[in-house]
Amino acid sequence: MSSPQRPPLHRNLRFLITLIAILLGVSTTFYVLILRNRNLPAALAANRVMVFLLWYANITFLLILAFVIVRQFVKLVLERRGRRLGFRLRTRLILSLMALVLLPVLYMFIIASDLILHAGDIPPGLPSVLSQTRALVEDWDRNRIAALKGRAQNLKAVLEAAPPATWYPAVQEFVSEGGAQIAEVYQERRLLLSLGRSPAYLSSSQHLPQDFLREIEGAGESFHWSEGRGGWVLRAGVRMRIGRREFQVIAGESPEAPLAGARAAFLDLDQTISQWAVERGTLGTTRLLTFLLLTLSVVFAGVWMGTYLSRNFTHPVGLLLEETRKIGEGDLDVHLPQASMDEWDTLFKGFNSMAGQLKSYRDELAREREYLSSLIAHLTPGLVSFEPDGTIVTVNPAARRMLRLPEGESRLFPELEHSSPVLWTWLERALAGGREARGEMPDLALSDGTQVSAGLVSLPAGRHLLMVEDVTQLIRIQKLATWKEAAQRIAHEIKNPLTPIRLHAERLKKKAVEGVLDPADAVASLDAVLIEVANMKTMLDAFSQFARMPIPRPEPFDLGELFAQLEEMYRGVHPRMRFTFSLPPGFPPLHADRELLRRVMVNLLDNAAEACRMDGEAGVEARVAEGAVEIRVRDNGPGIPDAQKERVFQPYVSTKGRGSGMGLSIVGRIIRDHEGTIRVADNSPRGAVFIITLPL
Amino acid sequence: MAYNFSMRTRILLCGAVLCGAILWGAEPRLAEFSLSVEHRVISATVQVEGAFSPEVMERIRSGFPVTFIYTFTLKSERRLRDRTWSKTRISVTCKYDPVRVEYRLNFRKDGQLFDTRYVHHWTEASRGMVSLENLALFDVPEEARGRPVFVTSRVNLLSRTRWLIFPDDLEAPEISSTIFTVYE
């Protein structure tokens, strides 16, 4: 595996979380130490630490988020510059996922933060209303306190006018006459007497703070609000000095419950709103920070998830592309690792299996190729495969030797034109013909006297295969065999007429010796001898004609004219034979040696007439089929046995039991020299048909 | 040399002097710092001037408890870093109750409540917050006796956070007493 294994995600996360925790711990400790050095109260320090933690978490998240996003962008830019495989898909995927997470969350954050910051806004008119109401309450308070202070002064006057022993009934009378709801007298902050007619009085009189009394002592007057089970109670006190003794004279009242309750409720509310106004900014910012923390958590989770998903998707794609590229470059030693997702794992396994099979096939192919190369190199025939422009694809040593191609020569022609002009001429013609061609000796006698048999085969992709075989030795052997066979045949053929000649000569000699030679007998014997001699001459003429077969000189001619000439020639020759010639209208000119083709037709028509014993029917018809001209010569004679059909074109083979057996051999030779084919088949319903195919 | 300032320059100069005076005057500072020693117990009298900034006043009036923290430290001089013998923290917390129309003042020494006062007038409340009179601070440790020592004092008036992260305290600069020696 070429690409390094990535560390698992949970290891990265663990590392990141540990790092953040350590940084958080160190920074918090450091901050707490600073605060402790500043001698702050614990509550204030804790509050600051909490706010600090919020800030710290936000900044940490922001930094990590910025790091993750910047890192992703840098990686994308680097991948884009490096043209790394799969970067387009990765870029699109990451940007899409980030946009999907970032845009809605940021939009929501902007909207929500605006709501949070303005959620605690005090309505514009409220401060003014509060201020006016507060002034009213304070005015009401002042009036009440002033009134109570007046009552306390009245009580003080009553007490100053009466001896201390009569203070109780005097105060009782003062209260009963409506001087005050509550009347209390303290001596040096100790309760001396207390009277009241208010229910609230009963629950509030026992717990007057010393500071209130001390303030009366110090300032000469004071007031005090207290709340008991019966409601609110307002007291006002004045200082009274009789001799050296200090007294605190207090008058009190319990305001109407709804009014006092409303006053307390308003002042409580006013205080709450004031506190809110002071802390609004801090509280709003803290809530905003908390919301920012949540938002960043969501964004971070989204971005991380997007990165994780895109990496999980694009990383295998990148691996796949990389390995595919290697295969494309011919490196089949590829292997994809095990993937975490089932689908990818299945794909990777399939890819590995495919690559393995490909490698196996390639190795097998290489072995086969090596085997074939070795085989071709050791083949006696020469093989050259080449491009249409002559660039050699494959050549074996035998071909190089026969065609005298220098070692390292990469082109077949025009090199062949100089080394083997005869072969080049044939090859040029064969290539121009656009079909398979085969040359045989002696036409392909090379300049050094070597005789070769050549063949050209068309290969796929426009290539050609030239097969060259050194047939010099074979031809020599064939010639020897042919001459031997011909000698035997000639000897046999000559021997056949010699026997009757010898028999007639011996009989003439015997009768001449015995003196009983009858002239008629002698004439008859000599006629027989002359016939045999004439047969021998005919046979020798046929041999001579076969040996003198001319080279075809093809030129375009009208086949219809030839058929007309033949029809005229055979008219009335065999009265009981019927000759028919058929040619479709508009038949194209035929490129062949007209005289040789006429000889072929005459030979075949003579054979047909003989096969029908001059009493039958022979027909010639021609047609164009598959880019070639097909000529059929049929008769309704006895036909040719299957066993002889393949041998009829060999020399000295005759189905008639007489003749030289060279006729069809000559026909076959002429057709082959025209790069055509000839075969024999059964005619329907009876007889034989010779099928000639010639190129147009 | 005759100076001939334009009206505009004069106004600017007056404004600058006024702003400087306001800013200087607004800066809290400790004043009238005096010590007394009786039976090896050191008592201090100190006042804070310019303690009530608008921010402090706003907090007090809104009913938030506001705490002034006085820190007194008994030290001996050393070359690099002074030696601390004892340290005492006095905190005065003021909380206004608008319903009862009174200020509650809590006095703590090293976290222990030692006095509570209720006053109706801001004058008394403010005086209670900025003025400590002959308040016993600490016993002179045995090791410090016979050594030249001095007492430092500083006061923290308000703790706040700028930008919600940077601690920023409103406090009066530290002042020191003269060096003295406490014997047996």
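**View 1. The largest nonpolar core.** Of the 37 residues in this core, the members that touch the most others are A:Val600, A:Leu604, A:Leu605, A:Ala608, A:Val633 and A:Val667. At least two residues of the core come from each of H15, strand E13 (590–592), H16, E14, E15, helix H18 (663–673) and E17 of chain A. H16(A) gives the most, with nine residues. A nonpolar core is a set of buried Ala, Val, Leu, Ile, Met, Phe, Trp, Tyr and Cys residues joined through C-beta atoms within 7 Å. A residue is buried if 20 or more other C-beta atoms lie within 10 Å of its own, exposed if 12 or fewer, and partly exposed in between, with C-beta atoms placed from the backbone. This is a predicted model, in which local features need pLDDT of at least 70 and side-chain atom pairs count only at pLDDT 80 or more, while totals for chains, interfaces and linings use all residues. Residues are numbered from 1 along each chain as its sequence is written, and chains are lettered from A and ligands numbered from 1 in the order in which they are written.

View 2. Helices (H or I, at least four residues) and strands (E, at least two) are DSSP runs, numbered from the N terminus. Leaving aside neighbours within four places in sequence, A:Val600 is in contact (C-beta atoms, placed from the backbone, within 7 Å) with A:Val667, A:Ile670 and A:Ile671. After the helix comes A:Arg613, with a positive phi near 50 degrees.

**View 3. A five-stranded sheet in chain A.** The strands form an open, mixed sheet in the order E12-E14-E15-E17-E16. Strands E12 (578–582) and E16 (677–682) stand at the edges with a single partner strand each, so one side of each has no neighbour in the sheet. On average, neighbouring strands of this sheet are turned by 15 degrees against each other, direction ignored. E12(A) runs parallel to strand E14 (residues 617–625) of chain A, joined by five bridges; strands count as paired if DSSP finds at least two bridges between them. A:Phe579 has A:Ala618 in E14(A) as its bridge partner. Helix H15 (residues 559–570) of chain A packs on the sheet, touching E12 and E14 of chain A, and its direction makes about 170 degrees with that of E12(A). H16(A) also packs on the sheet, touching E12, E14, strand E15 (628–635) and strand E17 (688–695) of chain A, at about 25 degrees to the direction of E15(A). Axes are lines fitted to C-alpha atoms, for helices over the stretch in contact, and angles run from 0 to 180 degrees between N-to-C directions.

**View 4. Strand E6 of chain A and its partners.** A:Gly382, A:Val384 and A:Phe386 form the covered face of E6(A), residues 382–386, and A:Leu383 and A:Ser385 the uncovered one. Five bridges join E6(A) to the antiparallel strand E10 (residues 464–470) of chain A, where A:His464 stands opposite A:Phe386. Three bridges pair E6(A) with strand E7 (residues 392–395) of chain A, also antiparallel, and A:Ser385 faces A:Thr394 there. E6(A) and E7(A) form a hairpin with five residues between them, and A:Gly390 in the turn has a positive phi of about 95 degrees.

Definitions and conventions. Two residues are in contact if their C-beta atoms, placed from the backbone, lie within 7 Å.
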